[in-house]
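Q: Hello! I would like a close look at a single part of this model, with the cut-offs spelled out.

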Amino acid sequence: MVEQHDAPSTIHTLPFDIKDHLLCLLDSPKDLLSFSLSSKEWATLIIPNHIEYRELRIRANRLAVWKHLATRADLSKSIRSLWLMPKENESKEIFPRTLVPSYAADTVATRRLEVEGALMGQLQNRRQLPEMVKAIKNFKYLKRFSWTASDGHGDVVEEIFDALRRCTGLTALRLGDIIVERDYLGPSASLWKLSNLTELVLLGKEWPMVGQPEEDEEYGEDSLVTMLNLSPNLESLTLTYIRAHPRFISSPLSNLRKLHLANIPSLDDSPFTDSVVIAFLESHPGIEDLKWYPVNERLTAPHGILPNLKRIYTKHGFATALLRDNTLIGGRQMECISQISLGSNTVHLMSQINSTRLQEVHLWRYEGLEAIKKLAKLCPSIRTLLIPNFGLSYAEEIVGIVSFELAKCAKRLTSTSQEDCVECLSHFPNLEAVLESALWLRIRMMKAEQRSEFLANFLTMCPKLRLISHWISLSDMTHDIVFERSESGKITWREMPSKEDWV
């Protein structure tokens, strides 16, 4: 008699609920998309119910979207990342669209609400955003929360932070310059009770002032210190602090890898205020990424400090002091150095460090194009260069600072053509991006035919170049010029606001 065996069970034969649960465990939209290509059945499960519910980049006034997320907990529970964007931000919003009812009317409702709020003084009424708070409570798998600016909704912060406490998987909290009454961020606020974070950002002028003990509390606890102690595995810390009172230094953060500090001047400022930060750096040798601008322009670095440093953003003096450490000069494998003045002494220093992995360099000043060419020879692995005003002659830089006649005289003596700039950049064999360059302003002024010919030559000489960014003073924003090459060799470009990474 022939025995019959059931066909082996596979992932494709699992019940719907189990399949849906497995999909909930996938964080990345790219992974979901790859999975959806395996079969029509999986595509039906994933699109749009999962792929549109992983990342939110959204403004607080998207009323229809928030209502949808508040009422459909079965979908919104899978949100992994939420960024509450300010109204003036030009970055593209990302939010569910397919299943949101009345999405087309959302913009009209938003405008009506703003007008009514402006007329009646109700923009700060917390009752206007109950749906947003309800939605956040549904985000069961939320890992990253960012809030850049409160746009007048500063009085809902306690409800928002209280909702975040329910998101037990939250590991990254990034808060910008939100406008908040200090009473809402007192020592008992929910914010300070968020724990087990691996990334914390408190960036803005208000943050150094909140969470401190009251003046009449002799032994009151510092809420920021308490919060840091609740996250012993913190790997990334970015915050604004008062130079004379760096509150974070009392927290032992043994896993810290990234430390970015923005300081606020105070009446107690002196070069000696740098010493407490130096002591903190000495006791945290695991730091790989440091951003700090000390008071003392001639600050020296103790020997052996920051042995694992890979990325540094600081003043020229402190950067070169760190790099000159003869106990580590060949040991550190630097990936990014910012900002240095490129003269003969710095070029010599760059010849001594281990630059095999150096991919990004930010220059403050440079002594002519020859210095940049020497840097290219020493560090051929560089992919990104930031050179303010690169592409302008010296005279064009000083117009407005000195008289126009003097500028014209200087231009005759030190003129630099755009062709010279391109030839200089061509010495970097792996160059992909040139940031904050004035070169594009000169290219854009060319006639269409001349511009096309110039760009064709430019991208031939720099075959890996894909992006140039430049500063637009009127909008106070950086824009990217992104180049695309067709198979036929045709060069096209598009301009867009730079991707905002406000941290």
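What follows is a request about charged pairs, and then one connected answer. How many salt bridges does the structure hold?

A: Happy to go through them. This is a predicted model, in which local features need pLDDT of at least 70 and side-chain atom pairs count only at pLDDT 80 or more, while totals for chains, interfaces and linings use all residues. Residues are numbered from 1 along each chain as its sequence is written, and side-chain values use heavy atoms, with hydrogens and water left out.

The structure holds 17 salt bridges, where a salt bridge is a side-chain nitrogen of Lys or Arg within 4 Å of a carboxyl oxygen of Asp or Glu. Side chains of opposite charge can pair when their charged atoms come close. As a setting for these pairs, the chain has 18 helices and 16 strands; these are DSSP runs numbered from the N terminus, H or I with at least four residues for helices and E with at least two for strands.

Let us start with Lys19 and Glu41, whose closest N and O atoms are 2.6 Å apart. This pair links distant parts of the chain, since Lys19 sits in helix α1 and Glu41 in helix α3 (residues 40–46), 22 residues apart. Lys19 is buried, at a relative accessible area of 3%, whereas Glu41 is partly exposed at 44%. Here buried means under 20% relative accessible area, exposed means over 50%, and partly exposed lies in between (1.4 Å probe, protein chains only).

Next come Glu93 and Arg62, whose side chains meet in a salt bridge of 2.7 Å, N to O. Glu93 is in the loop between β2 and α6 (106–120) and Arg62 in the loop between β1 (55–59) and α4 (63–71), so the pair ties together parts that are 31 residues apart in sequence. Both Glu93 and Arg62 are buried.

Glu370 and Lys373 are separated by about one helical turn because they are 3 residues apart in helix α13 (residues 369–378). Lys373 counts as buried, at 18% relative accessibility. Salt bridges that share partners also join Asp27, Arg80 and Lys143 into one network.

Helix α8 (residues 157–164) has the buried residues Val157, Ile160, Phe161, Ala163 and Leu164. They cover an arc of only 155° around the axis (taken from the directions from the helix axis to the C-beta atoms), which puts them on the same side of α8. Their cover includes β2 (81–85), α7 (130–138), β3 (144–147) and β4 (172–175), with contact meaning heavy atoms within 4.5 Å. Ser76 in helix α5 (residues 73–76) is buried as well, with a relative accessible area of 0%. Neighbours within four places in sequence aside, Ser76 is in contact with Tyr53, Leu69, Asn138 and Phe139.
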